[in-house]
Amino acid sequence: MDENNYKQLVISRKSKVTGSAIKHKVYLDGRPVGDLKNGGTVETWTTDGLHSLSFVNDKKEVHAQVRIMETDTVYRVNVEMKSPSNLEVTDGALENSVQKSSKSNRGSCLTSFVAVLLILIIAGFIIAIVNSNSSDDSSSKSNSENSVSTSSTESEDDVVEEEPTFDTETKTVGDWKVTITDVEVLDKLNIGILSYTPDEGCKYVKISLTIKNNSESLEYFQGYSTNSKIVYDGKYEYSATITGMSDDLTYESLNPLVTVSGYLLFSVPEEVIESEDSLYYVVTSGSHSAEFLLW
């Protein structure tokens, strides 16, 4: 996946008296991206191609598909309440792709999508087992002992438990508490039948971390933005790659005092990874920031 292909998706709801008290949760490819209120807007980031959108409240679900082209920089979807219980997608959805159902109808498009996704994941695991002899040859800078390893051929008998070289201290950044639990270097990332490949001449740096919202309200952790980045030599900055998986922390909404664990994936040049200079993960919230040594 090429980070340069990220496109902004803007979903806007027309301000109307009709149904003004009703709000919808918005899902992109099954992943929550925000709450859409009367006259409000939800903004997120995604890549070129076909995507599913779902608008869900206590009683109704509306599902649509959008196709984002290479020529798009900002893709807009407009919706409005035609009646107190009827949300219409007025612009941006593919023709004949809009479907509606009540929450009691579990045969809805969303349920079908989840069922198909589960089948694909199971099929992916089966394929992975059958082809285990030709599994991913990625090298890992961190093994199960939380150590950074530069050799993917090192045998288990030669592995010596040692203290992790990355910064494991829990740090407070504004309303967030952040802890890094693992750091890996990967040639590619395989998730079920899906495979993600870094930019040419690059490898993935995968950072596993735990985040906690210490504020008194819902907050959004935007791991894909410049508020969350890898920094090399104090000036070269690398933003996270969006994979859209459930444990991808590029865009995470957390209620107060809720803690989640997941990962961030960064495409980093091999010359940076092979350098003897230090690499840092930097997270910023407002006027607060913290640095974590990766190696």
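**The open sheet and its surroundings**

Analyst: The protein chain has an accessible surface of about 15,900 Å², and 47% of this belongs to carbon and sulfur atoms (Shrake-Rupley method, 1.4 Å probe; for residues, only the protein chains shown count as cover). The model is predicted: local features need pLDDT of at least 70, side-chain atom pairs count only at pLDDT 80 or more, and totals for chains, interfaces and linings use all residues. Residues are numbered from 1 along each chain as its sequence is written, and side-chain values use heavy atoms, with hydrogens and water left out.

Of the 295 residues in the protein chain, 41% are buried (buried means under 20% relative accessible area, exposed over 50%, partly exposed in between, with a 1.4 Å probe and protein chains only). The chain holds two helices and 21 strands (DSSP runs numbered from the N terminus: helices are H or I with at least four residues, strands E with at least two). Among contacts with a separation of 6 or more, 65% join residues 24 or more positions apart; contact means heavy atoms within 4.5 Å.

The open sheet consists of eight strands in the order β10-β11-β14-β19-β17-β16-β20-β21, paired antiparallel; two strands pair if DSSP finds at least two bridges between them. Strands β10 (171-173) and β21 (288-293) stand at the edges; each has a single partner strand, so one side of each lacks a neighbour in the sheet. From one strand to the next, the twist averages 35° (axes are lines fitted to C-alpha atoms, for helices over the stretch in contact, and angles run from 0 to 180 degrees between N-to-C directions). The partner of β21 is β20 (residues 279-285), with six bridges in the antiparallel sense. Within this pairing, Tyr281 has Phe292 of β21 as its bridge partner.

Two loops deserve attention. Asp233, in the loop between β16 (228-232) and β17 (236-241), has a positive phi of about 60° although it is not a glycine. Asp233 counts as partly exposed because its relative accessibility is 46%. Leu257 is also not a glycine, yet has a positive phi of about 65°; Leu257 sits in the loop between β18 (252-254) and β19 (259-269). With a relative accessibility of 59%, Leu257 counts as exposed.

As for the surface, Ile121 belongs to helix α1 (residues 109-130) and is partly exposed because its relative accessibility is 37%.
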